[in-house]
Amino acid sequence: LLLRRRIEECNCVVLFAEMYGRYQGWMDLVIDMANELHKPLIGVKDREESPVPKRMQINCRVTVKYQRNVIVAAIQEYSL
């Protein structure tokens with residue numbers, strides 16, 4: 001319920017690929033809720049440039065490098 005409320009209130013959801021392996025169940029829940037609420041998803045590649053998980057590739061509107069200015073620009077572009 002709290003997660004749903006947070007996603008409802010935000011303009012976009014940022015997902016970090018390096019967290020996906022450890023928190024896959026939670027991240028899948030976030031992806032499902034964001035899609036249900038029509039919130040844009042922004043994926044952030046991990047620092048080692050490992051492949052982005054398939055579920056993130058499919059659901060994120062854009063996937064960007066792990067650099068502050070690039071992440072901020074994506075948030076500004078894709079926020080509702």
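**Helix packing and cysteines: worked exercises**

The model is predicted, with local features requiring pLDDT of at least 70 and side-chain atom pairs pLDDT 80 or more, while totals for chains, interfaces and linings use all residues. Residues are numbered from 1 along each chain, and side-chain values use heavy atoms, without hydrogens or water.

**Exercise 1.** Describe the crossing of H1 and H3 and the residues that form it.

*Solution.* Step 1: the axes (lines fitted to C-alpha atoms over the stretch in contact, angles from 0 to 180 degrees between N-to-C directions) of H1, residues 2-9, and H3, residues 24-36, come within 10 Å and cross at roughly 50°. Helices here are DSSP runs of H or I with at least four residues.

Step 1: contact (heavy atoms within 4.5 Å) involves Leu3, Arg4 and Ile7 of H1, and Trp26, Leu29, Val30, Met33, Ala34 and Glu36 of H3.

Step 2: these residues divide into 7 nonpolar, no polar and 2 charged, where Asp, Glu, Lys and Arg count as charged, Ala, Val, Leu, Ile, Met, Phe, Trp, Tyr, Cys and Pro as nonpolar, and the others as polar.

**Exercise 2.** Determine how many disulfides the model holds, and examine Cys12 and Cys60.

*Solution.* Step 1: with a disulfide defined as a pair of cysteine sulfur atoms within 2.5 Å, the count is 0.

Step 1: for Cys12, the nearest cysteine sulfur belongs to Cys10, 6.5 Å away. Cys12 is buried (under 20% relative accessible area; exposed is over 50%, partly exposed in between; 1.4 Å probe, protein chains only), at 13% relative accessibility.

Step 2: for Cys60, the nearest cysteine sulfur is that of Cys12, 11 Å away. Cys60 is buried, with a relative accessible area of 9%.

Note on methods. Helices (H or I, at least four residues) and strands (E, at least two) are DSSP runs, numbered from the N terminus.
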